[in-house]
Amino acid sequence: MCNYLKNTWYVAAWSEEVTEAALLGRKILDIPVVLYRDNAGEVVALTDRCPHRFAPLSMGKIVNGCVECPYHGLRFNGSGACVHNPHGDGRIPDRAKVISYPVAEKHLAIWIWMGDPAAADPASIPEFEFMEAEDYYIATGSMQVEGNYMLEVDNILDLSHIEFVHPIFSSPAVSRAEVTHEIDGETVWSKRDMLGDDTPPDFIREVFNVPEGPLDRWLHVHWQAPAYMALYAGGVAAGKAFEEGIVSRQAHWFTPETATSTHYFYAMTEPKANGPHMAEVVQQSIQALYGPFKNEDAPIIEAQQRNIGDEDFMAMKPIILNVDAAGMAARKIVDKKIQAESK
């Protein structure tokens, strides 16, 4: 078992993954959860374990807005109460109930609260202005990674690895980048400015519309606890203000499945004000990102996890480089919040 931050919102699924037609089983913070929509279309999240013989409810079906256990047909409503026992006189045992978790929908995602239900305030869900479908075209993706979620946080907050893990995106400007980080309360900024890039990859020139001459490009990441990041990838002709450039906005959200596995939710967005063709652009972009995520990032993180095993990352005393500053700041904030929660 991992020591997780409980009183916070985690992404359980993209909204489109959860329907009134099928049950979705997913493990979150080591706890099996089943998600579905009731007859009113509202999302329900229950412990995915029938209290009778502990069969997964997600193997069952939806009946009149309730979950029917696949083994003996007990039915549970959205509050987690058993409302139907098809056996004997139909009496429902007092302990025939499962936990119902607070959920909310925002930014095209379903957010779940695994801590104290009384503290679950949807207003505290992290804000991502570019994840509002009214103003942005949004393409989403997800994958499973066999590594601890904080390894993923490190990976996004330290993009120096591009030079070695993603050479297709690299150039000499990546290694000589100006790297800074800022701590703003309980959030962290990691900024990598690659100025005067004389030899960017051709597709980078196309993305930022700088067909010739040196290019200034940047990667700015904003982290919020426990594992939610907005990545702003921008570019402009060298010497011009960043505000004049083109910026790609990405969301990178990580939800712990277990201590050694993570649900990775990601999105690419473009403002609708830039034209209807951007709807196709974001779809192409999300498809293009899947390859590097799956075939380059994930193998490294999963290999890290195999080497770490069940040991505590910080207890292993990793050497700390200057590129680790933002990630270490994020880890300290999460640890402090977990400690405060356990008091």
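Reply: Axes are lines fitted to C-alpha atoms, for helices over the stretch in contact, and angles run from 0 to 180 degrees between N-to-C directions. Helices (H or I, at least four residues) and strands (E, at least two) are DSSP runs numbered from the N terminus. This model is predicted: local features need pLDDT of at least 70, side-chain atom pairs count only at pLDDT 80 or more, and totals for chains, interfaces and linings use all residues. Residues are numbered from 1 along each chain as its sequence is written, and side-chain values use heavy atoms, with hydrogens and water left out.

Me: At what angle do helix H1 and helix H5 pack?

Reply: The angle between H1 (residues 149–157) and H5 (residues 278–308) is about 135 degrees, and their axes lie 10 Å apart. Angles under 35 degrees count as roughly parallel, over 145 as roughly antiparallel, 65 to 115 as roughly perpendicular and the rest as oblique; H1 and H5 are therefore oblique to each other.

Me: Which residues of H1 and H5 meet?

Reply: Contact means heavy atoms within 4.5 Å. From H1, Leu151, Glu152 and Asn155 meet Asp297, Ile301, Gln304, Gln305 and Ile308 of H5.

Me: What volume does the largest cavity have?

Reply: On a 1 Å grid over the protein atoms alone, a cavity is a set of points where a 1.4 Å probe fits but cannot get out; lining residues have an atom within 4 Å of a point. A volume is the space filled by probe spheres set on the points, which are joined across faces, edges and corners. Here the largest cavity has a volume of about 60 Å³. Its lining includes Ile156, Val179 and Val323, and S13 gives the largest share, three residues.

Notes. On a 1 Å grid over the protein atoms alone, a cavity is a set of points where a 1.4 Å probe fits but cannot get out, and a pocket is an open set with protein on both sides within 12 Å along at least five of seven lines; lining residues have an atom within 4 Å of a point.
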